[in-house]
Amino acid sequence: MSIRRITEYLDVDAESMMWLCNRCGHALVSAERNYKEGCRVRVRNPREIHDPVIEGEWSFAPDPGMVLILEYYCPNCGVMIENDYLPPGHPVIHDIRLDLESLKQKERGGGA
Ligand SMILES: [Zn+2]
């Protein structure tokens, strides 16, 4: 079995070395790269998502000048794979790096 689950919405195929959407099997991008490069991205204003709860200058809704919400979707089935809260202009976070050599060895039966 060459497909291994990495997160709730992400698999990796140890044979093709591609990130896959866990829901539809769509190949996102090479496992050597950041899976987010294979996703559709939607940048959200945090005030569209978080209720301010109270009125006025100070509320519970984050200031969009300080934080944006990036949502990453499978371009095939549309499932949300991940989201990040980042300051405007911040580079995309590369949050998962796999030991691909180890995966290849296990695929060949060389390890547990
Ligand atoms: Zn999908």
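I started with the zinc ion: its protein donors are Cys21 (SG), Cys24 (SG), Cys74 (SG) and Cys77 (SG), lying 2.3 Å from it. Donors here are N, O and S atoms within 2.8 Å of the metal (3.2 Å for Na, K and Ca), and water is not among the atoms, so sites may look incomplete.

I checked the angles among the four donor atoms next; they run from 105 to 114 degrees, and the site is tetrahedral (four donors with all angles between 85 and 135 degrees). The spacing of the donor residues in sequence reads C-x2-C-x49-C-x2-C.

A note on provenance: this is a predicted model, where local features need pLDDT of at least 70, side-chain atom pairs count only at pLDDT 80 or more, and totals for chains, interfaces and linings use all residues. Residues are numbered from 1 along each chain as its sequence is written, and side-chain values use heavy atoms, with hydrogens and water left out.

Cysteine 21 is buried, at 1% relative accessible area, whereas cysteine 24 is partly exposed, at 32%. Buried means under 20%, exposed over 50%, and partly exposed in between (1.4 Å probe, protein chains only). Across the protein, buried residues make up 30% of the 112 residues.

Last, I sized up the whole chain: the C-alpha trace spans about 60 × 25 × 20 Å along its principal axes. I counted two helices and seven strands, taken as DSSP runs (H or I, at least four residues; E, at least two) and numbered from the N terminus.

Terms used:
Four donors count as tetrahedral if all angles lie between 85 and 135 degrees; four count as square planar and six as octahedral if opposite donors are over 155 degrees apart and all others between 65 and 115; anything else is irregular.
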